[in-house]
Amino acid sequence: MTAEPVPLRPVRPRWRETLGLLVRNKVALGAALVLLAIIVVAVFDRAFAPQSANAQDIADRLQAPSWSHPFGTDNLGRDILSRVIIGASVSLKVGFLSVGLALVVGTLLGLLAGYYGGWVDDVLMRLMDMLFAFPAVLLAIAILAIRGPGTSNTIIAIAVVYVPIFARVTRASVLGVREEVYVRASRSVGASDFRLLTRHVLPNAAPPIIVQTSVSLAFAVLAEAALSFLGLGTQPPNPSWGLMLAEGREFIGLAWWLAFFPGMAIVVTVLCFNLLGDGLRDVLDPRQRTLMAGGGR
Amino acid sequence: MSGSMAGPVLEVDDLRVQLRTPRGTAHVVNGLSYTVGPGETVAVVGESGSGKSVSVLALLGLLPPRVATVTGRALLEGEDLLAMSPERLRQVRGPGAGMVFQDPMTSLNPVLTVGKQIVEGLRAHADVSKEAARRRAAELLAEVGLPDPEGALDRYPHELSGGMRQRVVIAIALSNSPSLLIADEATTALDVTVQAQIIDLVEKLQADHGTGVIWITHDLGVVAGIADRVLVMYGGRCVEDGTVDDVLERPAHPYTRGLLGSLPDLAAPVGPDGELPDLTTVPGLPPAPTDLPTGCVFWPRCPVRGDARCETEQPPLVVVPRGQKGHFGPELPHRAATWCGG
Amino acid sequence: MSNVLVSARGLEVHFPIGGGGLRRTPAGLLRAVDGVDLDIHRGETLGLVGESGCGKSTLGNALLKLVPSTGGTVTFDGTDITSLDRRGLKEMRRRAGMVFQDPFASLDPRRTVAQTIAEPLEVHGLHGGRRERAARVGELLELVGLDRSVAGRYPHEFSGGQRQRVGIARALAGEPDFLVCDEAIASLDVSVQAQVLNLLRRLQRRLGLTLLFISHDLSAVRHLSDRIAVMYLGRVVEIGPAAAVGSDPQMPYTQALLSAVPLPHPAMERERKRIVLRGDVPSPAAVPSGCRFRTRCPYAFEPCPTVDPALQPAGAAGQLAACHLHGVVGRPVDEETPQGIAPAAE
């Protein structure tokens, strides 16, 4: 029997549909665009910053915002706009790397615990519970106290705090997907555990993990700020939003802009990650999806 | 099985329901008219999307008013259900019309005992003491055939089997002796042996109380056992109605014929080759209510469609000519909405 | 080559129930399948009927080792599958397919119809290259009556009947000998059920499949099957030629089941005497001793509680029934191993 091949790949890829739905959600789209702008600025920080982060000009200390210094200057005469821009790269780097690390480790652990169950699940999840039992910031402080302050240790500390969260979210999602009939159907045609996990379980368990990533990025930026504020994260003179906030605190009555602009940068970034997370939650929910997709036809 | 000597319990006239959906306006029910006499069982038959369930939800005001537009007239013992205030409708729902759904858990509150739920219903519509209501509740459970009715009063719904739960729902629906009982796929989720018990129960209660019954189902076998009259719905319209014998034994509409032909029949004789013949099927799928065909709703799937009239002009329900009379009572009309003349 | 393709002997699937916590001591035992002997012949369609909770679906899954059995053996084409290694199991999976009940749940929403159908080909390395595979998928789509152009679409764009066709195509992709259909038409509309029934019958004949058709719908089973097996509380209680079981059942349970099936003939329905059974099916966690149907049987007599009936010839048409009315045959109940562990809830 001869037959013409048919396309195996989707006629209309799913990610394009997802993107289309996200574009229709104005709030999430706005948040995504703002974040994109922040990320571009952070990546090309040197190009965007008018001055170097640590260029001091004692004569120009504590200047209020003006045309030459749109965000004003700090107590050492450093340009705050430049420091916020360069601080963005530090804050976002810590955020993305720590969440990325937590995402990989946590998802893997959650996947194994959820899919295999039994003693694997017991051991892994009790371990996660132990980590989870510590207050997040206290745990991070403890880790930094042991390993010493600094950017890379901050990344590790925040990652350790988020691993159990990703593990739990993944496990819960996997537990649901594991019991789906299509997983059993794939097993019935002879698919291996590895294939089931990578082709069916993980892709279908992904939506809550994606949403968690977005929300966690917001918290990681905040955590970095908090740790730097406490003097455990980024070390001076390098700028980071949290550190700038801490430095600005002393001058809050005298020069509000020292704390205001880095504070605003934190607020805007965190808010955008959260709004994007909410938008993704809606878009990735299959029930919402049919409704919204239906509306467009 | 009395005829409609006293006036009908329910008289539905030109019922239309439109639902606003993200895909546009869905014309779910398009001009439905029928009557239910006292003690009579009218079966409304159709596949999913035919509008059979929505048509009764609309009668009892159970569709969300924000998305549903309901027009027409539905007289329950002379009073128009569609023109009632929400308060009046709530009063009518218990004593006037009881309802039994497919999943008994949708009508039972999982955190209240069975007894509490029946007592609540009784006391909402009549001024009775708690003790009297409880006694009456136990009587009702005994009437629907629950073993140990006194003990069942203190049980929670999840402690009962599916069949027992459906009996409780029927007890609640009948607790205020309604003149009309609406059963929406009430036995679909049950095993056949339990289904047989429930059908027997409803028939017995109906004979005792003279309740009119609307039995909504997709199962033509159940219809044959329980109905006096049958109304076949397709695309939100009644395409055929008549006595159960007329519709099931002498179907006039090609859709009804297709439906009957697609039913595997336990009583079918084996062919000459010792095998059962293939089922005749209705090709294709029912139309989406947002996108109904013009003309006869069935024409895109019709195996015998004829001239262009099928595609342009909607056939009215007309009386099907017939040789013999019905089995009982005055002759009831057998009607079908089709251009292909039986 | 033996005439029997799939065979179960004393097959048991028991699930521990209740008892949470760390120690995991079960509070009881759910006997979903409890000592089933069954032979499925090459090229036949065996219908398996029973009411919800009778274990018919678990049995179907156990025959394909999709749920682990806790006792007895299953042989597939002469090989004991309970002790298969990884490779043997994989090959068995190619030779035995399954069609599931809910066509909305059995297809991965994130994979196209073609990707779903191609999965068995990829898993077993069949039809080598991408092009050959794509051609085979097109062939399979046509085989189940779908248009080749739908290959690149996602399941949510299809109706229930079309999805079920996709599920059938997937099950057939590896050219299996044996196909289990687990309530494959239960969630479809009447007219669509008929389409799928006709398709299954056509495919069974054309491909020479051995078909196990599991359903609660006795009419559909009778329509499709050569032989019918009736299950009650984890046991096969009657088995025989479809016409015989469908018209002259020998086990009182089958008689009751058959009499309860509604027929679309009003005149027949008016005259028919239904055998209405008392009460509900007992819980599979508290199976009655001896004959498991005795608590609801209108004919229960003295040996029923004490002797567990075996399948024995009954009736003129050659079926087997597990019922003492045809002679007391079976294993006496051993007093020391009670059948029910927990008392019945009701």
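Two strands count as paired if DSSP finds at least two bridges between them. On that basis, four strands of chain C form an open sheet with antiparallel pairing in this predicted model.

**Sheet of chain C**
- The strand order of the open sheet is β2-β1-β4-β5.
- Its edge strands are β2 (28-41) and β5 (79-80) of chain C, each of which pairs on one side only.
- Five bridges join strand β1 (residues 4-17) of chain C to strand β4 (residues 71-76) of chain C in the antiparallel sense.
- C:Glu12 has C:Gly71 in β4(C) as its bridge partner.
- In general, the strands of a sheet pair through backbone hydrogen bonds, either parallel or antiparallel.

**Helix α4 of chain C**
- The 14 residues of α4(C) should span 20 Å at 1.5 Å a residue, and this agrees with the end C-alpha atoms, which are 20 Å apart.
- The expected span is 1.5 Å times one less than the number of residues in the helix.
- Buried residues of α4(C) include C:Arg133, C:Arg136 and C:Glu139, together with C:Val137, C:Leu140 and C:Leu141.
- The buried residues of α4(C) pack against α3 and α5 (160-172) of chain C.
- After α4(C) comes C:Gly145, which has a positive phi near 80°.

**Contact between chains C and A**
- Chain C has 38 residues in contact with 28 residues of chain A.
- On the side of chain C that touches chain A, two or more residues come from each of α2 (86-95), β6 (96-99), α3 (113-123) and α4 (130-143) of chain C.
- The most is given by α4(C), with seven residues.
- By class, this side of chain C has 17 nonpolar, nine polar and twelve charged residues.

**Contact between chains B and C**
- Here 38 residues of chain B are in contact with 35 residues of chain C.
- The elements of chain B that give two or more residues to its side of this contact are α8 (192-209), α9 (220-226), α10 (244-249) and α11 (254-261).
- α8(B) provides the largest share of that side, six residues.
- The residues on the side of chain B comprise 18 nonpolar, twelve polar and eight charged.

**Helix crossing in chain A**
- Helix α4 (residues 80-116) of chain A and helix α7 (residues 151-178) of chain A have axes that come within 5 Å and cross at roughly 35°.
- The crossing of α4(A) and α7(A) is right-handed.
- Their contact contains 23 nonpolar, eight polar and three charged residues.

Note on methods. Residues are numbered from 1 along each chain as its sequence is written. Chains are lettered from A and ligands numbered from 1 in the order in which they are written. This is a predicted model: local features need pLDDT of at least 70, side-chain atom pairs count only at pLDDT 80 or more; totals for chains, interfaces and linings use all residues. Axes are lines fitted to C-alpha atoms, for helices over the stretch in contact, and angles run from 0 to 180 degrees between N-to-C directions. A crossing is left-handed if the near helix is turned anticlockwise from the far one by less than a right angle, and right-handed if clockwise. Ala, Val, Leu, Ile, Met, Phe, Trp, Tyr, Cys and Pro count as nonpolar, Asp, Glu, Lys and Arg as charged, and the others, Gly among them, as polar. Two residues are in contact if their C-beta atoms, placed from the backbone, lie within 7 Å. A residue is buried if 20 or more other C-beta atoms lie within 10 Å of its own, exposed if 12 or fewer, and partly exposed in between; C-beta atoms are placed from the backbone.
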